[in-house]
Amino acid sequence: MDHMDHRAKKRVIIAFIYVLLWFGFFFLVWLFVKGPSPSCFDGIKNQKETGIDCGGPCRPCISEMAKKVDVLKTGFIRTIAGRIDVYAQLENKNQDFGVADLVYRFEILNELGEIIATKSGRTFILPQQKRYVIEQSISVSGQIRGVNFFFDEPQWTELTDYQAPNIAIKDKVLRQSLPDENGVVTLEGLIINSSNYDFAQVEVIAILKNQFGEIIALGKGLHNTITSGEERIFKIIWPYINPELQSTSVEAYALTNVFNNDNFLKAHGVFPKIEELK
């Protein structure tokens, strides 16, 4: 009797193990078909998220946290016959969020409000930055009412512990152009790179204003390979203006793209970590 009970128990145990194996097999098949459970790190917009892995039950999306980029002013300057320069002044008030690739478009309107010319481009804007976007030598005809400026929805990037690149413009002088400069007015000054980095490109933007604070000229110039600690002379030459130099104010600043890794030629310190956000 005991022998029969032992055999029966053994059969029960074997059957139980057999059932467990089949249960485990079907459970694994179910998991495979079902796929992983939704999470805030699966790279999928699910579980009532408003973006990919953000919003809803996850952390807020950057578009919900970031303040918008403000367009403070737009305008145009007539240069030579049938040509204008256009500008837009932007401000990003976010402390740690910037835009690595801002796609924009200028529209030039005639006196009837019709679009007579457009100019598109791409740029960047750093955290806590106020800057001008300039496009030059646009062909137009007739009277102009004004300029519209549009940009695509920003794709934000977070710069952890961000500090602006320490590149300054100093000793700027506005003067009459020399004969060999082929211009009327020249702005000359120094680009001073006090940062810990050698940069592949630094752009100088210059805005001239009259005694009433009105913009009378726009200028920009691109300079290659500005090393750490370097002082580089720059010049911006205008062939078409002849302002009263004593009453003209100059706004000039240097821009460099910290979002572009190729822009860093050599590091002499540690730069803030850049993290792309959804």
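Me: In the open sheet of three strands, what is the strand order?
Reply: Strands here are DSSP E runs of at least two residues, numbered from the N terminus, and two of them pair if DSSP finds at least two bridges between them. This is a predicted model, so local features need pLDDT of at least 70, side-chain atom pairs count only at pLDDT 80 or more, and totals for chains, interfaces and linings use all residues. Residues are numbered from 1 along each chain as its sequence is written, and side-chain values use heavy atoms, with hydrogens and water left out. The pairing is antiparallel, and the order is β1-β2-β5.

Me: Which strands stand at the edges?
Reply: An edge strand here has a single partner, so one side of it is left without a neighbour in the sheet. That applies to β1 (70-78) and β5 (129-139).

Me: Over how many bridges do β2 and β5 pair?
Reply: β2 covers residues 83-92, and its pairing with β5 is antiparallel. One spot to look at is asparagine 92, which sits opposite glutamine 129 in β5. For β2 and β5, the bridge count is nine.

Me: What kind of aromatic pair do tyrosine 87 and tyrosine 132 form?
Reply: Rings of Phe, Tyr and Trp (its six-membered ring) pair if their centres lie within 6.5 Å; planes under 30 degrees apart are stacked, over 60 edge-to-face, and the rest tilted. The whole structure has eight aromatic pairs. In this one the centres are 6.1 Å apart with 65° between the planes, making it edge-to-face.

Me: Is tyrosine 132 buried or exposed?
Reply: Buried means under 20% relative accessible area, exposed over 50%, and partly exposed in between (1.4 Å probe, protein chains only). Its partner tyrosine 87, in β2 and 45 residues away, comes in at 10% and counts as buried. Tyrosine 132 has 1%, so it is buried.

Me: Which residue's ring face does arginine 131 lie over?
Reply: The test is that NZ of Lys or CZ of Arg is within 6 Å of the ring centre and within 35 degrees of the ring normal. Arginine 131 is 5.5 Å from the ring centre, and the ring belongs to phenylalanine 124.

Me: Which side chain makes a polar contact of 2.8 Å with that of aspartate 101?
Reply: Aspartate 101 is in strand β3 (residues 97-110) and, at 38% relative accessibility, is partly exposed. A polar contact is a pair of N or O atoms within 3.5 Å; within protein, one must be able to donate a hydrogen and the other to accept it, and residues adjacent in sequence count only if both atoms are side-chain atoms. At 2.8 Å, the partner is arginine 122.

Conventions
Helices (H or I, at least four residues) and strands (E, at least two) are DSSP runs, numbered from the N terminus.
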